[in-house]
Amino acid sequence: MSGPIVRPYGDTTGDGMVQMSFTLPVPHDKRAEGAALQLAAKMGMDPAMLVHAKPIGEGFTFFVVYGRVNHLVDLSQVEVVERDFPLLSAKEVNTAVKRGLRRKLSVVGACIGTDAHTVGIDAILNVKGIAGEKGLEYYRELKVTNLGAQVSVPELVEAARRERADAVLVSQVVTQRDAHLHNTREMSAAFREAMPAGRRPLLIVGGPRFDEKMTGELGVDRIFGRGTTPAEVASYLVHALITQKAKA
Amino acid sequence: MSGKLDLDPGLVARARQLARRAGQPVVDLARSHTTVSVERAVLRLAGVAGADPDGIPWVNRLVDAVVADVGLGQGVALPVFDAMAREQVADVTLLAQQAAAGAVRFRRPAGRAATAARRAALSAVRRGIRQVDRRRVERERLVKRLGDPPQRPWIYLIVATGDIYEDIPQAQAAARAGADVIAVIRSTGQSLLDYVPEGATREGFAGTYATQENFRLMRAALDEVSKELGRYVRLTNYASGLCMPEMATLAGLERLDMMLNDSMYGILFRDINPIRTFVDQRFSRQMHARAGIIINTGEDNYLTTADAVDEAHTVTVSQLLNEFFAHEAGLPDALLGLGHAFEINPEVPQSLRLELAHALLARELFPDAPLKWMPPTKHMTGDVFRGNLLDGFFNLVGAMTGQGILLVGMMTEAVVTPWLSDRDIALQNVRYVLGAAGGLGEDFRPPPGGFIQQRAHQVLGEAVTLLERIADDTLLQAIAEGTFGIMKRPADRGKGLEGVAAHEDGYFNPATELLEAVPA
């Protein structure tokens, strides 16, 4: 284990080597290559090696640059959301729900707004799951309602009410014009408006481009980022809806 | 059979026969129902154009007005052309405007009035269909003069900025960089709009709205670059969602060359009502057949939600069903871009050999169809270096198994909408593989009884077993039970159901009559 201060590693400890690729809107010539090196220098790469430059389309050049950066990374200053709950097996989740709730835990999931990418919500909810790990439908004590794609916020609130949802899972993949953030805020506001604080389901959003630290700003209870597995979501549900409530 | 897989011709014939048995009840359903979108397509052919100040097309306003007065069950053509005669309105868009203002009442004409309305409707719609015919001839002439791409597969590239005026230079640049087919992805959410937006559009989400004007602008831009390159560059859009028949009609009117058109995609992935989908699909495919448009079916999508090995046979089943529905609607094999995809988890041992078996199976089952070969998406992780390698293997399988249309895979799939450099790297990958191994199919003969042959036989066998079940239980039941892509979609649910009506006595659709008439 290295100390709290590290630098990028090329092939020798402390060499600070990184690689980067980018396009500049200039035709490929000597000046373009100089421009690429200027950018690399401004980004703190010194020395920078231009290893590849290629014209792409009309008036654009693609570059690959290798070089050394002078920046230091202080590991003690890194801020991340660490998993603050224990990871449970499907069996443990089922047992916890049975003991803690004495009924099935109701989960309603959807892709809201115009987002039609159900890959994420399906990976978490469908029996099929992801990477060999079964989705929430597989958990005997969870009652899963997957509303699918392009669900409107009012439809989602209505479904949550109808299914007496303990938790609402929303997946957002499309990020053009920050659609994922707008949609999430609209969703959390609608739930706040429609239901009193104590009766509101747990609001969870997931998607590859979310910042997991933005829960407060988006008005949700939890954000899951890229690579989240169904077991993590199930374990969090137990943690938030059963373990924590028992403590309270 | 070219025989690389030594498929049992009896089993192949049986598979087709079962697909026919499973599909026929759906065709009967499609022939005995209409939808608001079919009726709007008829009116578009008859010349209704433009939209009201809120952007709602006049065809929607007119169909809504007719339905409010006399219902949908006899079709809108007779009430509309009867009203034109009674009100002495010569222009059908003008009638739509008056109807929207509440100034026109509709009735179901009878006797001489009905005969006259029928004649007028046929004559107006015939003008629209002649325009589609002219567009088709225009394409044939351009292809003859400029030529088709020099190689197979054709290289198919996606453009999607949301702004048609950004799309145009990007599409032209892509064509210059080697793309043979440009697909303009639609804005997310358009499939669930029950109308076709109007005019040139500059805002969309993860895609650009499909409108008649956007079609026209892009086709004109590609005509320009086709002349420059000396090769006809094709244009693709989507006949899917709630407006399939209208999209197909507009595509025919504006000389689009390919349209995404799947028999079940809307049902499974957009939760559109199954009956609505099948009725709309049949009309849209009849239009495509008339316009000479190559359809691209969407089997690749099943594999993004289900496992590509376990569920490989559902792709084959869907291809067979898509083929049956397409033939029934008048599409010849040359216009069947049946879809499939390279979606097996790369961690699965021998995944490349499995991909070869599946791709070759599709090739041999449909020897005369320009198969659409779709790149990996599900197992693209953000590791762009590995992604580029995976795309290379995808391209190789495409080259070795003689695929017709190759959708260029992006190493940044699942990361960002493709950058200029991503596209360039992806095209470089395709060019390298096709250049280095374009003729490898000739040398590639899987040994009799070997891994690839056995796997192909197994998938075909499983497909036949599934088709037997579907043929016995009916296709609608199978869809309701989640047979395809795991989604369960019962026939009495889903979006757009309120826009479906069973034909009543005297149902009249001039477009269908003209499209189904035996060509002189």
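Modeller: A definition to begin with: two strands count as paired if DSSP finds at least two bridges between them. Also, this is a predicted model.

Colleague: Fine. Which residue stands opposite A:Tyr66 in β4(A)?

Modeller: A:Met49 stands opposite A:Tyr66. The strands β3(A) and β4(A), the latter covering residues 61–69, run antiparallel and are joined by 8 bridges.

Colleague: What is the strand order in that sheet?

Modeller: The order is β2-β4-β3 in chain A, an open sheet of 3 strands with antiparallel pairing. β2 (17–24) and β3 (45–55) of chain A are at the edges with a single partner strand each, so one side of each has no neighbour in the sheet. From one strand to the next, the twist averages 20°.

Colleague: Which helix lies across those strands?

Modeller: Helix α1 of chain A, residues 30–42, lies across β2, β3 and β4 of chain A. α1 runs at about 145° to β3(A).

Colleague: Next topic, helix packing. At what angle do α4 and α5 of chain A pack?

Modeller: About 45°, with the axes of α4(A) (residues 153–162) and α5(A) (residues 179–194) 10 Å apart. α4(A) passes α5(A) in a right-handed crossing.

Colleague: Which residues meet there?

Modeller: From α4(A), A:Val153, A:Leu156 and A:Val157. They meet A:Glu186, A:Met187, A:Ala190, A:Phe191 and A:Ala194 in α5(A). By class, the contact has 7 nonpolar, no polar and 1 charged residues.

Colleague: Now chain B. What are its domains?

Modeller: The domain assignment gives domain 1 (33–126) and domain 2 (240–455) of chain B. Their centres, taken over C-alpha atoms, are separated by 39 Å.

Colleague: How many residues of each are in contact with the other?

Modeller: 9 residues of domain 1 of chain B are in contact with 11 residues of domain 2 of chain B. On the domain 1 side, β1 (33–35) and α2 (36–45) of chain B are the elements giving two or more residues. α2(B) gives the most, with 6 residues. That side has 3 nonpolar, 4 polar and 2 charged residues.

Colleague: And where does chain B touch chain A?

Modeller: 20 residues of chain B are in contact with 19 residues of chain A. α10 (265–270), α12 (300–305) and α16 (420–437) of chain B each give two or more residues to the chain B side. The largest share, 3 residues, comes from α16(B).

Colleague: What is that side made of, by class?

Modeller: The side of chain B that touches chain A has 10 nonpolar, 6 polar and 4 charged residues.

Conventions
Residues numbered from 1 in each chain as written. Chains lettered and ligands numbered in written order. Predicted model: local features only at pLDDT ≥ 70, side-chain atom pairs only at ≥ 80, totals over all residues. Contact = placed C-beta atoms within 7 Å. Helix = DSSP H or I, 4+ residues; strand = E, 2+ residues; numbered from the N terminus. Nonpolar A, V, L, I, M, F, W, Y, C, P; charged D, E, K, R; others polar. Domains from an automatic or database assignment. Axes fitted to C-alpha atoms, helices over the stretch in contact; angles between N-to-C directions. Left-handed = near helix turned anticlockwise from the far one by under 90°.
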